[in-house]
Amino acid sequence: MSAEEVAKAFVPHYNNCFDNDASQLAPLFTAETMMTFEGQQFQGPQQIVEKLKSVGKVSHEVKSIDVQPSNNPNAILIFVTGAIKIDSNNPLHYCEMFQLVSTGPGAYYVHNCVFRLNYGL
């Protein structure tokens, strides 16, 4: 699979799990996975899933997905922009970055993730 194909499969899967049951995301993270969510850092599946679940009921609408190779030949960077509804409130613009690392053919885990709401656009 190309990096673009991986990203186009990964982002909808990640958002679908986040929107419906964030605990389903735990297998995508390892003990080394680091997430920065609105400036707060969380490490490992338990902390990350707890944070995502604490956000409330969410719904994502992706606007763009950009992909680049990483300096590691087994990793890719994905940058996502879009709108997110939290607890049925008005949608907010967001951006999110993922570094995925391959563990084998077609298998990846999230090594890094950064999420930010974009205010004042």
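Predicted model: local features only at pLDDT ≥ 70, side-chain atom pairs only at ≥ 80, totals over all residues.

Student: So, where is Ser70 found?

Tutor: Ser70 is found in the loop between S3 and S4. Those labels are strands: helices (H or I, at least four residues) and strands (E, at least two) are DSSP runs, numbered from the N terminus. Residues are numbered from 1 along each chain as its sequence is written, and side-chain values use heavy atoms, with hydrogens and water left out.

Student: Is Ser70 buried or exposed?

Tutor: Ser70 counts as buried, because its relative accessibility is 18%. Buried means under 20% relative accessible area, exposed over 50%, and partly exposed in between (1.4 Å probe, protein chains only).

Student: And what does Ser70 touch?

Tutor: Leaving out residues up to four places away in sequence, Ser70 touches Ala75, Ile76 and Gln99. Contact here means heavy atoms within 4.5 Å. With Gln99 there is also a side chain to side chain polar contact, at 3.0 Å. A polar contact is a pair of N or O atoms within 3.5 Å; within protein, one must be able to donate a hydrogen and the other to accept it, and residues adjacent in sequence count only if both atoms are side-chain atoms.

Student: Okay, zooming out. What order do the strands have in the sheet?

Tutor: The order is S2-S1-S6-S5-S4-S3, in an open sheet of six strands with mixed pairing. Strand S2 (40-43) and strand S3 (58-69) are at the edges with a single partner strand each, so one side of each has no neighbour in the sheet. On average, neighbouring strands are turned by 20° against each other, direction ignored.

Student: What holds paired strands together?

Tutor: Strands of a sheet pair through backbone hydrogen bonds, either parallel or antiparallel. For the label to apply, DSSP must find at least two bridges between two strands.

Student: In which sense do S3 and S4 pair?

Tutor: S3 and strand S4 (residues 75-86) pair in the antiparallel sense, over 11 bridges. Val67 stands opposite Ile78 in S4, and Asp66 stands opposite Phe79.

Student: What about S4 and S5?

Tutor: S4 and S5 pair in the antiparallel sense too, over 10 bridges. Gly82 has Tyr94 in S5 as its bridge partner. S4 and S5 form a hairpin with five residues between them, and Asp87 in the turn has a positive phi of about 50°. Asp87 is not a glycine, and it counts as partly exposed, at 45% relative accessibility.

Student: Which other residue has a positive phi?

Tutor: Glu38 has one, near 55°, and it is a residue other than glycine. Glu38 is in the loop between S1 and S2 and is partly exposed, with a relative accessible area of 26%.

Student: Last topic, rings! How many aromatic pairs are there?

Tutor: A search of the whole structure finds six. Rings of Phe, Tyr and Trp (its six-membered ring) pair if their centres lie within 6.5 Å; planes under 30 degrees apart count as stacked, over 60 as edge-to-face and the rest as tilted. Tyr14 and Phe18 are an edge-to-face pair, 6.4 Å centre to centre with 75° between the planes. Both lie in helix H1, four residues apart, about one turn of the helix.

Student: Why is the pair of Tyr94 and Phe115 called stacked?

Tutor: Their ring centres are 5.5 Å apart and their planes are at 15°, so the pair is stacked. Tyr94 lies in strand S5 and Phe115 in strand S6, so the pair ties together parts that are 21 residues apart in sequence. Both Tyr94 and Phe115 are buried.

Student: And which residues do ring pairs link into a cluster?

Tutor: Phe10, Tyr14, Phe18 and Phe98.

Definitions and conventions. Axes fitted to C-alpha atoms, helices over the stretch in contact; angles between N-to-C directions.
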